[in-house]
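Let's take a friendly walk through this structure together. We will begin with one pair of side chains and then widen the view.

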Amino acid sequence: MNDTILVVGGGPTGLAAAHGAASVGRKVVLVEKADRLGGAPILSGYAKLVPSGEWAKDAIGRMIARVESNPLATVHKSTRVTALEGGPGNFSATLSNGQQVQAGAVILGTGFTHFDSINKPEWGFGTYEDVVTTTQVEQMVGAGRIACPSDGRTPERVAILLCVGSRDRQIGREWCSKICCTVSTNLAIEIKELSPKTDVFIYYMDIRTFGLYEDKFYWTSQEEFGTKFVKARIAEVTIAPDGKRLLVKGEDTLVKRPIVIPFDLVVHAIGMDPNEDNPEIAKVFGVGLEKHGFLDRGEHYTSSFSSTRPGVYVGGAALAPEDIDTCVSHGLAMAMRAVGDLAALARKAA
Amino acid sequence: MPIHEKSLLDPNKVLTAEKLVIDGVDVSGHWNTMILPRTVADYDPDFQKTIRALPGGENVHRCWQCGSCTNSCTMYAINTDFNPRYWIYCTNLGLQSEIVKDKDIIWQCVSCNKCTNICPKDVRPEGVMKALAHWLEMEGHTPKSRSSMFDEEFTRQCIERGRIEDSEVMFKFFKASGEDVKALLTGGWLRVFIERMNNLPLLKAGRIGAFLARLPITGPLKMGWMMLFKPRTRSWARTGAVLAAYVEEQKRKAHAHG
Ligand SMILES: Cc1cc2nc3c(=O)[nH]c(=O)nc-3n(C[C@H](O)[C@H](O)[C@H](O)COP(=O)(O)OP(=O)(O)OC[C@H]3O[C@@H](n4cnc5c(N)ncnc54)[C@H](O)[C@@H]3O)c2cc1C
Ligand code: SF4
Ligand code: SF4
Ligand code: SF4
C-alpha cells in the first residue's frame with residue numbers, strides 16, 4: 001500500500017492540503033497546471049485580502065513558501081494529470097511531463113474560473129475600455145493607483161455592478177458567488193483610500209456580506225467611506241455623447257424610475273464559474289459534476305469532502321464558490337480525511 | 001390627445017401646449033401633449049453632506065433601506081405618501097427634486113420617534129425628518145415654521161444679553177408669526193392661561209379680598225420693567241461676541257458642506 005498523497009491544484013485549497021498531509025509525515029506530490037503556485041489570488045494579482053487585510057502576495061506567499069520548502073513535498077508546476085488508475089491505497093497517476101506518480105489518495109483543489117464578462121455584452125466590457133472587472137481593480141489597487149484605462153485620468157465617479165456572471169438564468173448561472181459582495185465593498189474602501197475625491201456607487205440586488213463580513217466590510221464601506229448603495233440591476237452600459245464618460249442605464253427599483261447616470265469607471269464584480277477544465281477533470285479523475293458544473297461531492301456529514309470516486313477528495317472552490325478562509329479549512333480537512341482513510345486501510349490490511 | 005392611465009403619470013411631467021409648431025409643422029390640437037421623461041439623469045453627491053451637517057441628519061448615510069421606519073411610522077399609517085425611508089434614500093443619492101416635491105408633507109412628522117426606536121442601523125430617521133424640514137425652510141421651499149421663528153428670537157436675545165426675557169420672546173414671536181394677540185386674549189389659549197393664573201371663581205363668588213390676595217402683581221410688574229430696560233448678564237458683551245462669532249462659523253461650515 002502507498003501512503004503518498006497526490007494533491008492537484010496549487011491554490012489556497014491545494015496548498016493547505018499539501019501542508020496538512022506533510023505535517024503528519026506523509027509524502028506529498030503537488031501538481032499545478034500554471035507556472036506558479038498560489039491559485040487565483042496570485043495568478044490574478046489580488047490586492048489586500050478579505051478579511052485579513054493582508055496583501056495576497058504576503059499571505060498566500062507564506063502558504064507557498066511553507067509547501068515549497070517542505071522536504072516531504074514534491075511540486076510539479078506547468079503540469080497536469082492525464083490519467084488516473086487504481087483505487088484507494090494504490091492509485092497510479094500519469095503526468096503531462098511523462099512522469100508516473102504512485103499515491104494512496106488524491107486531493108482535488110482545482111478551483112474555479114473567473115466569469116468572462118464578454119458573456120454579458122450589454123454591460124460594455126470589451127466594448128469600452130473604462131469598463132473593467134474586479135480583478136483589474138485589484139491589480140490597480142496593488143499598483144497603488146486607480147485610473148481609467150482609456151486616458152489614465154483619476155475617476156471622479158465609479159460604479160461597481162454586483163452579480164456579474166452570478167444569479168443569472170439568462171446565462172445559466174444560478175448560483176451566488178458568495179465573496180463578490182464582500183470583495184466589492186472592500187474595493188470601494190480601497191478606492192476611497194487611494195483617491196479620496198472619488199465617489200463609489202454599488203449597484204445591487206442584495207448585499208450578501210456573510211457572517212462577520214457584514215459590519216467589517218459592508219457597514220464600514222457605507223458608514224466610514226461613504227460608499228453609496230443603489231438598488232438596481234443595470235440594463236445597459238453605453239457611452240455618453242461626450243465620448244468620454246459611460247452611461248449606466250437601468251431602473252432604480254426604490255425610486256421606481258429609469259436612471260441614466262454618468263460614470264468614469266464601471267467595474268464588474270465578476271463571479272466564480274466552475275473551473276473551465278471540469279469536464280476534462282471529470283473524465284481524467286473519474287469524478288462526477290453537479291448540475292452547475294462544479295465537482296460533485298458525496299455525503300458530507302460522515303464522508304466529508306469525498307468526491308463520487310472512493311479515495312478521491314474534493315474541496316475549495318472546485319466544489320462551489322468559496323472564500324479563501326473556507327478553502328484553507330477544506331484543504332486541511334481533506335488532508336485529515338485522506339490520511340485517516342489510509343490509516344484505516346493499513347489497519348485492515350494488517 | 002387623451003392619455004390613457006393618466007393616473008400613472010406625474011402631473012408636472014405632462015405638458016399641454018395651446019399651439020405647437022415642430023420643425024415648421026403646426027401640430028396644435030392633435031399632437032399638443034408631451035410627456036417629459038421621468039429618468040433620473042444624475043446624482044448630487046453633496047446633498048447628503050448638506051443634510052448630515054444639519055442637526056438630526058448626521059446618520060442619514062447609514063440607511064440600508066429596510067423600510068422599518070416607514071412601516072412603523074405614525075404618519076405613514078394615515079398617509080402612505082409620508083415615507084421617511086424614501087426621503088432618506090433620495091437624500092443619500094442627492095435626488096433633491098424628489099424631496100422638494102414632497103415639501104408639503106415632510107414637515108408633518110410628529111416626532112413620535114417610533115422610527116428611531118426601530119431602525120436597525122441607528123439612522124435616527126426622526127432627526128432626518130427634522131433636518132429635511134429645516135433644509136426645505138432654509139432654501140425657501142417652505143415658509144418659516146413657527147418653531148424657527150421662536151428659536152430665532154430666543155437665540156437673538158441669548159446672544160445679545162446672555163439671558164432671555166420671557167414676555168419679550170413671546171411678544172416678538174407673536175408679532176413675527178402674525179398672531180392676533182387680541183383674539184388670543186379674548187378667546188384663545190392666552191385667555192385660558194390668564195384665567196388659570198388668577199382664581200376667577202373667587203371673583204365670581206364675590207370674595208374680592210381673597211381674589212386680590214392671589215392676584216399676581218409683582219411678577220407682571222417685573223416683566224414690564226424688564227421689557228423696558230432689557231438688562232444684560234454682567235460683562236456679557238465679550239461672551240456674546242464670541243458666541244455670535246461661533247454661531248456664524250458653524251453656519252458657514254454647514255454651508256461649505258453643501
Ligand atoms: C475578484 C475576486 C477577489 C477575491 N478576493 C478574495 C478575498 O479577498 N478573500 C477571500 O477569502 N476570497 C477571495 N476571492 C475568492 C478566492 O479567489 C477563492 O476563494 C480561492 O482562490 C479559491 O481557492 P482554490 O484553491 O480552491 O482555487 P483556485 O484559487 O482557483 O486555485 C486552483 C488552482 O488549481 C490549478 N488548477 C486548475 N485546474 C487544474 C488542473 N486541471 N490541473 C492542475 N492544476 C489545476 C489552478 O491553476 C490554480 O492554481 C476572490 C475572488 C474573486 C473572483
Ligand atoms: S456575493 Fe453578492 S455580488 Fe456576488 S453573486 Fe452573491 S449577491 Fe451577487
Ligand atoms: S418620528 Fe416622524 S417619521 Fe418617525 S415614526 Fe414618528 S411621524 Fe414617522
Ligand atoms: S429603519 Fe433605518 S435603515 Fe431601515 S429604512 Fe428606515 S432609516 Fe433606513
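Start where the two chains meet: the side chains of R257(A) and E98(B) form a salt bridge, with 2.4 Å from N to O. A salt bridge here is a side-chain nitrogen of Lys or Arg within 4 Å of a carboxyl oxygen of Asp or Glu. Side chains of opposite charge can pair when their charged atoms come close.

Before going on, a word on the ground rules. This is a predicted model, in which local features need pLDDT of at least 70 and side-chain atom pairs count only at pLDDT 80 or more, while totals for chains, interfaces and linings use all residues. Residues are numbered from 1 along each chain as its sequence is written, chains are lettered from A and ligands numbered from 1 in the order in which they are written, and side-chain values use heavy atoms, leaving out hydrogens and water.

**Where the chains meet**

How many salt bridges does the rule find across the interface of chain B and chain A? It finds 4. The rule also finds 15 residue pairs in polar contact across this interface, both residues being at pLDDT 80 or more. A polar contact is a pair of N or O atoms within 3.5 Å; within protein, one must be able to donate a hydrogen and the other to accept it, and residues adjacent in sequence count only if both atoms are side-chain atoms.

On the side of chain B that touches chain A, the elements giving two or more residues are α1 (45-52), α4 (84-93) and α5 (96-101) of chain B. The largest share, 6 residues, comes from α4(B). Helices are DSSP runs of H or I with at least four residues, strands are runs of E with at least two, and both are numbered from the N terminus.

In total, 24 residues of chain B are in contact with 24 residues of chain A, where contact means heavy atoms within 4.5 Å.

**Salt bridges within the chains**

Over all chains, the count comes to 40 salt bridges. Here are three of them:

| Pair | N to O distance |
|---|---|
| D35(A) and R36(A) | 3.4 Å |
| D273(A) and R173(A) | 2.8 Å |
| R191(B) and E195(B) | 2.8 Å |

D273(A) lies in strand β17 (residues 272-274) of chain A and R173(A) in the loop between β10 (157-164) and α5 (180-194) of chain A, so the pair ties together parts that are 100 residues apart in sequence. D273(A) is buried, at 9% relative accessible area, and R173(A) is buried at 15%. Buried means under 20% relative accessible area, exposed over 50%, and partly exposed in between (1.4 Å probe, protein chains only). By that scale D35(A) is exposed at 53%, whereas R36(A) is partly exposed at 42%.

R191(B) and E195(B) are 4 residues apart in helix α12 of chain B, separated by about one helical turn. R191(B) is partly exposed at 39%, and E195(B) is partly exposed at 32%.

**One helix of chain B**

Which residues of helix α10 (residues 166-176) of chain B are buried? They are S167(B), E168(B), V169(B), F173(B) and F174(B). These buried residues pack against α9 (146-161), α11 (181-186), α12 (189-197) and α15 (218-229) of chain B. E168(B) also belongs to a network of salt bridges that includes E153(B), R156(B) and K172(B).
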